[in-house]
Amino acid sequence: MNELAPPRQILDQDWRRVLQFGGLCALALVFIALIGMPVQLDTRILIRRHLSLGYLSLIWIPIIMGYLVSKELVLEGIISAKKGPRDLLTGALTGMIGGAGLSLLAVLINNYNLRDPLLNWSPQTLEQLNFGNGIGFGIGIWLLIGAALGIFGSALHVLPALTAKAVGTALLAVILVSILETAITDLLQGFRLTFVTDSLYAKRGGLSVVSTIVLIVFVMLVTVLAAGQGEALREKYDALDEPKRKSTNLTLSFTGVIILLLLPLFLGKIMNELLANVGLFVLLALGLNIVVGLAGILDLGYVAFFAVGGYTTAVLTSPNSPWISPELHFGIVILIVIVAAAIVGLAVGAPVIRMRGDYLAIVTLGFGEIIRLLFLSDWLAPYFGGAQGITNIPPVDLGFAEVKGSDPRSVFYLVIFFCAVAIYVSWRLQGSRLGRAWMAIREDEKVAEAMGINTVNAKLMAFVVGAILASFSGAVFAAKVGSIFPSSFLILVSIIILVVVIVGGMGNITGVIVGAVVLIGVLGGPKQPGLLQELGTFKLLIYGALLIFMMLKRPEGLVPNARRSHELHQEEFLQDAWLKGIVDDDDEEEVTA
Amino acid sequence: MTDPTAPTPEADQSPDKGTALLEFRKVNTHYGAVHILKDVDLAIYPGELVCLLGGNASGKSTTLKTLLGMVTPTSGDVVLDGEIVNDKPISYRVERGITMVPENRRLFKRLSVLENLQLGAYLRSDKDGIAADMQHIFELFPRVEERLGQKAGTLSGGEQQMVAIGRALMSRPRVLLMDEPSMGLAPALVQVNFELIQQIHEDGMAIFMVEQNANMALSIADRGWVIQTGRVVLDDTADVLLVHPELRASYLGGHDER
């Protein structure tokens, strides 16, 4: 595989491939420009005076396309051609076609008015594309930018592996450090390291040019110096025997937990708020993971249980509750919430559980909305306050501390507690008899039934456990926000949790947590801002795009099941990969003689 | 091959065999308004290997489903060990010794071999017994033990068949229902598969097999029934059926099918 055939001639191109990727690149660029991302995100500066999030939303596309177009599948036994100038030309052409798309768009905007259907067919977009320098400049510059970025993308193949890695890492580091400005500033402030942030970021946001260059050099140096260390560490870990590995794992996770518990102390209000929100969604995602990931029941109305938890808490604790207001303590309320969630879980689950697949998904979708509409209705307004909701939900009194929305740190710790419960429950269930029954049902319901599994009961149990975990999240949410309205329980919440579970990896606890942290933390929840607040309305677009991408390219989720890949030996692993193409999605048996 | 010296029970009229393990008494079933099984009488005695032959849509699979409890008879009785179990759920019957090896094996493909076996013992709680039975399966099929941590879907066809049978055995059944064991298998595997079945049978397991490959099935069975449009039309020992002119004409063909 390492043998390389001599480089091909520079014009020895696969023109169709170039056109295909270039066309894709152009389409993507025009699409992004027309939905207004460059204009709206232009206010967020990444590198002072040189790069804004708006331009970043454009320029990553030619880089990726340039990278992809010159990427070739390395086939065993076939000598791949040496990367050379030909690949750079491929990348340049691809990027240039993409840039031409934007140039064409600029010309069209300049000469025609399609503002009516296309809101962003506007002078601002034109201005943005021209860099304020007139149409002629705009046309030329995008051809150049496209080509340059395309070359950059394809150059990652041509450069020596280590250099390419260093460049790629440096690029990623710059983007991350600039995007995560709020988080980093906040964190460093907590550690009294404000001088770092001061030198890193310009006064009104964004990296300064100097610090960008320093950062690039620094990261490249580190990558080069640390090259191979990662693999070495990995090998060392793999070489450990079972008890040693276990203790290493334990130490690592213990350290992780300690860091997680201490972190909020050093964070400011905004970051703690963010962490608390992430925690609420981790809890929801863990619950839905049991329903969707383990039992394979596609529940699209999961938000209903979140609402039940929230409303139960509100009714039982708020002095303003229109119906009864016993103003119970949160500890007692949580017990009642469990019961309420279980009852609603059974009530919703019982009629739908005998349905299969698509039908079940649609019916649960309906139930989710029904529950929200019930809380909204005039009919139940005397009990749940209708559109006015229930306000004045008191903070949670823990004796030694109060958990209230104005102190997000306390909320975070409360959420962490419930997350720990959820993780423990999920983990225990996964290896239990019930967990196995769920997985069997997910794989093949008929056969599971033939094994003697009472599939209706098992599925109801999944519904109930999922409902209870969601209701915890709802209860904390109510105490955090201090008031509760039907509009907090839109269908969008169900959808976003589902995306989190799918992107993270269905049936995989770590994956689901990582998914929630990344998606909710960076992009934000349905109403909760993430680190990239500026994304605003584009959040959902990104959620959708991510979902499609993951389903196509990485259906196992962000975090593949490491435990399983460890168990498999190399040989079996290869067989696995080989068979995947033949058997995996095939209901019919392959015939192996 | 059938042992010609073995006692050949005369189907239902053989009182010397003791009580039947599993029995159909004038069973009728309907799917909606459609009459599927018509007055079917069957009996499976301990330790015997019997097969049910029939063409497509003759009611073979329905017979199995009714035995296991996936389909409830509209009239007549399903009798397990002398007890009428018409209304009893599948789990009740599995606990009392009926297990099915489904058509096409249908393993839980994304679960490990171990998990598949554990699921076979889903209704049991005797840990020691389960461990012992698993050990027994490893002795029967050493390949299964080698593949224990692997996902079932990645096994070869023959290995999958072993796991499917192993999974069924994990419930410690007294009678094994097998739905079309040769279905969808390459000819070489069919042979392997029937050898496996015979091996289990020689261990003393009663096996009720539904099969289209009549020659193959009868060559290892003790007895057989032939079912046609929901009615049992022939009921005899395997030796007799193998040379039965009517059967040869309609199912066996003049020569071996494969």
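Where does Arg172(B) lie? It lies in the loop between helix H6 (157–169) and strand S7 (175–179) of chain B. Helices here are DSSP runs of H or I with at least four residues, strands are runs of E with at least two, and both are numbered from the N terminus. I will come back to that loop.

First, the ground rules. This is a predicted model, where local features need pLDDT of at least 70, side-chain atom pairs count only at pLDDT 80 or more, and totals for chains, interfaces and linings use all residues. Residues are numbered from 1 along each chain as its sequence is written, and chains are lettered from A and ligands numbered from 1 in the order in which they are written.

Confidence next. The predictor gives the complex an ipTM of 0.85 and a pTM of 0.85. pLDDT is the predictor's confidence in each residue, from 0 to 100. Chain B has a mean pLDDT of 85, with 90% of its residues at 70 or more. Among the elements of chain B, helix H3 (residues 113–120) has the highest mean, 93. Helix H10 (residues 245–252) of chain B has the lowest, 72. Both of the following stretches need care. Residues 1–15 of chain B have pLDDT below 50, and this stretch has 13 contacts in the model beyond near neighbours in sequence. Residues 254–258 of chain B stay under 50, with four contacts beyond four places in sequence. A contact means two C-beta atoms, placed from the backbone, within 7 Å.

Now the domains. Their bounds come from an automatic or database domain assignment. For chain A, the assignment gives domain 1 (1–158), domain 2 (161–235) and domain 3 (269–498 + 506–514). The C-alpha centres of domain 1 and domain 2 of chain A are 25 Å apart. Six residues of domain 1 of chain A contact twelve residues of domain 2 of chain A. On the domain 1 side, strand S2 (residues 45–47) of chain A gives the most, with three residues. That side divides into four nonpolar, one polar and one charged. Nonpolar means Ala, Val, Leu, Ile, Met, Phe, Trp, Tyr, Cys and Pro; charged means Asp, Glu, Lys and Arg; the others, Gly among them, are polar.

Chain B has domain 1 (18–97 + 173–258) and domain 2 (105–172). Their C-alpha centres lie 24 Å apart. The contact takes 13 residues from domain 1 of chain B and eleven residues from domain 2 of chain B. On the domain 1 side, helix H2 (90–95) and helix H7 (187–202) of chain B each supply at least two residues.

On to the cores. A nonpolar core is a set of buried Ala, Val, Leu, Ile, Met, Phe, Trp, Tyr and Cys residues joined through C-beta atoms within 7 Å. Buried means 20 or more other C-beta atoms within 10 Å, exposed means 12 or fewer, and partly exposed is in between, with C-beta atoms placed from the backbone. The largest core has 179 residues. Among those with the most contacts inside it are Leu283(A), Ile497(A) and Ile44(B). Helix H13 (residues 269–294) of chain A gives the largest share, 17 residues. A second, separate core of 42 residues includes Leu46(A), Leu53(A), Leu126(A) and Phe152(A). Back to Ile44(B): leaving aside neighbours within four places in sequence, its contacts include Leu22(B), Val175(B) and Phe208(B).

One helix in detail. Helix H23 (residues 509–523) of chain A has 15 residues, which at 1.5 Å a residue should span 21 Å, and its end C-alpha atoms are 21 Å apart, in agreement. The expected span is 1.5 Å times one less than the number of residues. Its buried residues include Ile509(A), Val512(A), Ala516(A) and Leu523(A). What covers the buried residues of H23(A) includes H13, helix H18 (408–430), helix H22 (491–504) and helix H24 (538–553) of chain A. Just after H23(A), Gly524(A) takes a positive phi of about 100 degrees.

Last, that loop. Arg172(B) has a phi near 50 degrees, positive in a residue other than glycine. Arg172(B) counts as partly exposed because it has 19 C-beta neighbours inside 10 Å. Glu180(B), in the loop between S7 and H7 of chain B, has a phi near 45 degrees, also a positive value in a residue other than glycine. Glu180(B) counts as buried, with 20 C-beta neighbours inside 10 Å.
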